[in-house]
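Reader: I am new to this structure. Please pick one part and take me through it closely.

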Amino acid sequence: MKTRSILYKTLIAAMLCGISSCSDDLEIEPNDQIAKENFFKSEEDFKAATAPLYNRVWFSFNDKFYFGLGDGRSYNLYAPYSDYIYPFSDLTETGLTGPLVEAWRSFYIVIQQSNNTIAAIEESTVSEEIRAQYIAEARFMRGTAYWYIASLWGDAIITTSQSDIINNPLVNKNPREDVFEFAIRDLEYAAKYLPEQASQSGRVTKYSAYGMLSRLYLSASGLSSNPNSGTRDQALLDLAKKAAEKAINEGPYMLLDDYAELFTIENNNNSESMFALQWVPNGDYGVNNTHQAYFALGSEITGDDAAWGYFTRASFDILEEYEANDARRKATWMADGDFYPEISQANGGYLVEHENTYVNVKKGVVGSNKDNQSISRMNSGLNTYMLRLGEVYLNYAEAVLGNNGSTSDATALMYVNALRERAGLAPKTSLTFEDIFHERRVELCMEGQFWYDMVRRAYYEQQEMLNYIDDQDRETVIPFTYDEENNRVEVDDTRDAAPRAIGQIDESIFLLPYPESEVVQNPLLRDAPVPYDFTEERITDELFD
């Protein structure tokens with residue numbers, strides 16, 4: 001019997017993955033039938049071919065892994081009964097953990113659908129300039145997927161052709177450094193050839209690519225043979241700064257005035273959004289955003305039975321992170337006494353009324369169909385942020401700080417303080433790594449990001465990050481009370497703390513296990529990685545002349 005792995009199976013899914021008809025935006029239902037001979041004869045065909053790269057191919061990643069890993073594993077999120085969160089927050093995931101398997105599959109569907117699209121566009125007779133733009137869009141997606149894979153699994157399989165995998169599904173993995181290099185090359189190509197202005201609302205631009213490059217350069221800057229070197233590559237830090245500058249100064253993006261407005265359906269594809277997954281309002285399974293169903297405190301919010309967030313809560317550790325009067329807390333977490341006028345509007349708004357001994361998720365919770373007709377059961381209609389300007393501000397500041405203990409750089413302070421002032425907080429007069437790390441955690445909380453920040457730090461300050469995780473006291477359920485008015489959490493001495501089992505905190509936690517079925521079907525994943533043969537020249541210098 002022919003050996004087939006998850007990676008091979010994703011090829012079939014990629015070939016069947018939806019090709020959409022065009023509209024003025026990307027809130028469209030994909031058509032699951034591909035007739036290649038009828039496509040790629042015009043720019044409209046390219047738009048149709050690339051539209052599914054904004055939703056369906058990412059669905060299994062977005063469904064649970066996005067927050068389960070990004071916020072559960074970083075211990076922003078605590079959910080003792082949700083098997084898509086606690087294996088990550090408890091550091092006990094295995095190669096059989098469902099969301100982990102689904103995420104691996106989803107990333108490779110993104111990659112193979114991007115590969116298919118690139119190959120078809122390359123065969124088209126449309127002008128080279130137009131072809132390059134849409135190849136760049138597909139490479140943006142492929143490079144982003146490979147950044148996730150490199151950050152999560154390290155060594156991984158690099159593939160640019162579905163036929164190669166079909167003909168030989170037993171494939172050597174490539175080293176983490178090469179996976180990062182491949183991702184960076186894809187994003188550099190995207191930065192060169194994507195348009196300055198989006199051709200449709202929600203599509204990425206060259207400045208989206210520069211923003212993503214600022215993240216990738218930062219990630220790669222700490223990689224070395226010594227995970228406790230304490231230093232990062234200055235050349236890559238400089239590139240991260242330059243890429244962030246390009247995105248901020250030349251791109252069309254601007255901060256919204258109100259942080260909470262970022263997370264409303266009405267503000268999908270707002271001026272701060274640089275790359276977001278585009279879910280179809282009232283769309284079918286596979287192009288819907290399920291997050292609200294997992295987060296909503298009760299059916300009085302959603303208006304239906306899909307509201308399973310009662311035990312999906314903020315950890316004590318993240319609540320300690322918020323400063324008094326930080327407006328980002330209420331936009332991210334629902335505490336007893338919080339009021340949300342946009343939810344249950346027919347009843348005058350929604351007041352959270354329960355014990356002040358736990359705090360639930362707000363970000364991603366938007367109400368019922370009566371509040372907005374884009375909402376339906378298990379589909380909030382809310383875009384999923386993959387990159388926004390607030391992160392790029394912080395990328396810039398981190399790149400400027402670099403290997404220094406602190407910085408008073410005026411531009412870095414301006415960007416960090418713009419976020420703090422929007423949150424209602426006093427400005428900083430200097431910045432340390434701890435200051436930036438704190439801002440990243442609260443600014444991007446419940447946006448699936450903080451674990452990757454921790455991993456990036458562990459590339460060159462591994463023991464420091466192990467100490468940080470150990471200090472989160474994950475093995476103890478700490479009873480607390482929460483004062484929503486002042487964003488203040490206090491240990492409740494009237495109740496006993498409860499122990500819980502977690503995995504070993506050591507260097508192994510910074511890499512996920514490969515899906516067990518993948519290793520069984522492709523034993524070469526157990527072998528040492530094989531260097532990847534790059535066949536194109538880097539274009540880095542062309543981007544920053």
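Author: What follows looks at the core, then at a few places beyond that topic. The model is predicted.

Start with the largest nonpolar core. It has 164 residues. Those with the most contacts inside it are Trp58, Phe65, Phe107, Phe140, Phe275 and Trp333. Helix α6, residues 128-153, gives the largest share of this core, 16 residues.

Now take Trp58. Set aside its neighbours within four places in sequence. Trp58 then contacts Leu53, Ser106, Phe107, Val110, Met141, Thr144, Ala145, Tyr148, Phe275, Leu277, Trp279 and Met386.

Turn to helix α2, residues 43-50. This helix is mostly covered, with 6 of its 8 residues buried. They are Asp45, Phe46, Lys47, Ala48, Ala49 and Thr50.

Next comes Ala191, in helix α8, residues 176-193. Ala191 is buried because its relative accessible area is 1%, and buried means under 20%. Residues up to four places away aside, Ala191 touches Lys206, Ala209, Tyr210, Leu213 and Leu543. Ala209 lies 18 residues from Ala191 along the chain, yet their C-alpha atoms are separated by 4.9 Å.

Last, strand β14, residues 480-483. Phe480 and Tyr482 form its covered face, Thr481 and Asp483 its uncovered one. In a regular strand, side chains alternate between the two faces of the sheet. Asp483 stands opposite Arg488 in β15. The hairpin of β14 and β15 has 4 residues between the strands. There, Asn487 takes a positive phi near 50°.

Definitions and conventions. Residues are numbered from 1 along each chain as its sequence is written. This is a predicted model: local features need pLDDT of at least 70, side-chain atom pairs count only at pLDDT 80 or more; totals for chains, interfaces and linings use all residues. Side-chain values use heavy atoms; hydrogens and water are left out. A nonpolar core is a set of buried Ala, Val, Leu, Ile, Met, Phe, Trp, Tyr and Cys residues joined through side-chain atoms within 4.5 Å. Buried means under 20% relative accessible area, exposed over 50%, partly exposed in between (1.4 Å probe, protein chains only). Helices (H or I, at least four residues) and strands (E, at least two) are DSSP runs, numbered from the N terminus. Contact means heavy atoms within 4.5 Å. Two strands pair if DSSP finds at least two bridges between them.
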